[in-house]
Amino acid sequence: MSPCIEQRFIYVWSGNNFPYVNVLSVLSATKSHPDAEVLVYVFGADPKTVWFKYLEDIPQVSIIRTSPEELFAQLPQELQKVARTYEALSPSALSARSNILRYVLLYLFGGVYLDFDVFVLRPMDELLNRKAMVGEELVWADDEARLLGRRGIYLAPRNIVWAASHCLMWLDSHLMEGRLRLANLLRPTFGFWSRYQMNNAVIGAAPKNEFIEQLLLGAVEANTTVRYATGPTLIDKVVRLQKSDVDVRPADDFYAVPPGQSYRLFYDKCLTLPESAYLIHYAASNHPGFVSEFNPLQGVEFDKETVMGSILHGLSEEMRLLTSHQTRLLNHA
């Protein structure tokens with residue numbers, strides 16, 4: 001069995017509403033890696049939106065319908081206890097349940113797991129010659145304390161600086177299209193109110209990898225009432241305990257724009273991604289309106305001078321050409 005990450009991309013989906021932007025996310029991976037295998041695992045009934053069927057038009061994509069029980073049964077006995085954690089999570093906690101499923105899939109088959117709110121920008125081949133990889137991102141230093149309900153954190157001096165910085169950058173992006181470049185000017189303050197933490201929107205691993213095994217064992221002990229307990233919090237803990245076994249990619253590679261600043265991808269015309277960026281993670285939960293409204297049938301457009309607008313325009317054109325080609329083939333069959 002290969003000790004390195006295989007050229008395979010894995011996605012996980014459950015739920016009825018599958019938006020069009022998800023199709024473009026998968027397309028971005030196939031465009032950057034034309035020889036890769038792309039697996040979309042569906043848990044439960046197929047989504048009822050028309051866009052889900054578009055996945056079948058994309059070469060390389062295989063849709064695999066399975067159940068958590070089928071996957072858990074394939075794990076070694078000592079890891080099957082993670083099924084209890086999965087069942088303890090609320091059925092509405094889709095992201096928390098997805099965390100466990102992605103670890104199981106990576107352990108069993110290996111490859112690169114991607115969230116659907118990730119757009120791949122360039123080939124990741126040079127990163128695959130290793131046992132496992134994750135990326136770190138810049139997060140608000142007291143975000144975990146917020147999730148635990150500690151209200152007093154908002155009065156801390158560093159969080160007052162954080163709030164002021166956030167407001168100024170938001171106003172610059174939305175009202176001035178980033179022309180004041182406040183994000184760059186305020187960058188020296190980031191270290192005062194932020195820290196680096198691992199994220200699990202992108203994870204790569206060889207099959208039966210020890211790092212993924214530790215994630216599964218950690219998930220068994222996770223507090224299912226705490227948000228992110230099976231996600232970034234768990235990954236951050238495991239990575240820091242055995243960093244030698246995991247290639248930690250710097251923020252610029254996977255998360256050049258922090259999740260709290262993801263609006264800049266949509267509005268800041270002066271935003272330039274670093275050359276080292278392999279992908280962007282636009283944090284869909286921060287933009288529910290965009291996810292639900294971006295629809296080519298309704299002519300929704302985004303400014304092509306922004307990072308997201310440029311990506312969406314290029315991928316939408318690729319999708320249009322692909323579906324047109326598929327239609328011509330069907331008409332001549």
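**Close-up views of a predicted model**

**View 1. Val42 and its partner across the strands.** In this predicted model, Val42 has Arg65 of β3 as its bridge partner. The two strands in this view are β2, made of residues 37-43, and β3, and they pair in the parallel sense.

**View 2. The whole open sheet.** Now let's step back to see where β3 sits. Seven strands form an open sheet, and its order reads β3-β2-β1-β4-β7-β6-β8. The pairing in this sheet is mixed. Which strands are at the edges? They are β3 (61-66) and β8 (247-249), each of which pairs on one side only. From one strand to the next, the twist averages 35 degrees.

**View 3. Two helices lying across strands.** Helix α5, residues 94-109, lies across β1 (8-13), β2, β4 (111-114) and β7 (194-205). Its direction makes an angle of about 50 degrees with β7. Helix α8, residues 182-193, lies across β6 (132-140) and β7. Here the angle to β7 is about 90 degrees.

View 4. Look for Leu101 in helix α5. Is Leu101 buried or exposed? Leu101 counts as buried because its relative accessible area is 3%, and buried means under 20%. Leaving out residues up to four places away in sequence, Leu101 touches Val12, Phe43, Pro68, Leu71, Phe72 and Tyr86.

**View 5. From Leu101 to Ala141.** Finally, follow the chain from Leu101 to Ala141, which are 40 residues apart along it. How many Å separate their C-alpha atoms? The separation is 28 Å.

Definitions and conventions: Residues numbered from 1 in each chain as written. Predicted model: local features only at pLDDT ≥ 70, side-chain atom pairs only at ≥ 80, totals over all residues. Heavy atoms only, no water. Pairing = 2+ DSSP bridges. Helix = DSSP H or I, 4+ residues; strand = E, 2+ residues; numbered from the N terminus. Axes fitted to C-alpha atoms, helices over the stretch in contact; angles between N-to-C directions. Contact = heavy atoms within 4.5 Å. Buried < 20%, exposed > 50% of the residue type's maximum accessible area, 1.4 Å probe, protein only.
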